[in-house]
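I set out here what I looked up in one structure, entry by entry.

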Amino acid sequence: MDYPVSTGNKSFPTPAGKYQVLRKTKANKRSNLYGKIYDAEGKVVNSNADISKDPVPEGGRFEGALMSYWMRISWDGIGMHKGKVPRYPASHGCIRTYYKAVDTVYSKVAVGTPVVVR
């Protein structure tokens, strides 16, 4: 298949290398590091939060970014998943997969499938 993806931005590049799919989770996978921070009233106060650096206001909460069709390729948190694909590097290191292709890719890829990032 040939389909667009979005890889890591300058601050969080996707590391080149040879990998394999280590784990798959179709739904309910959320980032434990990047997402949104809400205040006590439920309003978004930071839509591009890094929970290791950005404070959560008293009574607020952090919600990790949804990463449906998660296909982990490293134990350091890099994987392929459904996401916005603006056709330029925009992720925090993951490989965002085009929404029209991700279901097919996910169904055809098994744990152990080789992945090469160039």
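The entries below cover the sheet, the salt bridges, one lysine and the helix.

**Basis.** I worked from a predicted model, in which local features need pLDDT of at least 70 and side-chain atom pairs count only at pLDDT 80 or more, while totals for chains, interfaces and linings use all residues. Residues are numbered from 1 along each chain as its sequence is written, and side-chain values use heavy atoms, with hydrogens and water left out.

**Sheet.** I took helices (H or I, at least four residues) and strands (E, at least two) as DSSP runs, numbered from the N terminus. I counted two strands as paired if DSSP finds at least two bridges between them. Three strands make an open, antiparallel sheet in the order E5-E4-E6. Strand E5 (44-50) and strand E6 (61-66) are at the edges with a single partner strand each, so one side of each has no neighbour in the sheet. E4 and E6 pair over five bridges in the antiparallel sense, and Arg30 stands opposite Leu66 in E6.

**Salt bridges.** I looked for a side-chain nitrogen of Lys or Arg within 4 Å of a carboxyl oxygen of Asp or Glu. The count by this rule is three. One of them joins Lys26 and Asp103 at 3.8 Å, N to O. This pair links distant parts of the chain, with Lys26 in the loop between E3 and E4 and Asp103 in helix H1, 77 residues apart.
Arg30 bridges to Glu63, with the closest N and O atoms 3.9 Å apart. Arg30 lies in strand E4 and Glu63 in strand E6, so the pair ties together parts 33 residues apart in sequence. Arg61 also forms a salt bridge with Glu63, at 3.2 Å between the closest N and O atoms. Through shared partners, Arg30, Arg61 and Glu63 form one network.

**Lys29.** I asked what Lys29 touches. By contact (heavy atoms within 4.5 Å), Lys29 meets Ala65, Leu66, Met67, Ser68 and Trp70, not counting residues up to four places away in sequence. I used buried for under 20% relative accessible area, exposed for over 50% and partly exposed in between (1.4 Å probe, protein chains only). Lys29 is buried yet has no salt bridge, and the nearest side chain of opposite charge, Asp76, is 13 Å away.

**Helix H1.** In H1 (residues 99-108), Ala101, Val102, Val105 and Tyr106 are buried. On the other side, Lys100, Ser107 and Lys108 are exposed. I noted that the cover over the buried residues of H1 includes E3, strand E7 (70-72), strand E8 (79-82) and strand E9 (95-97).

Technical notes: Lys, Arg positive; Asp, Glu negative; His and termini not counted.
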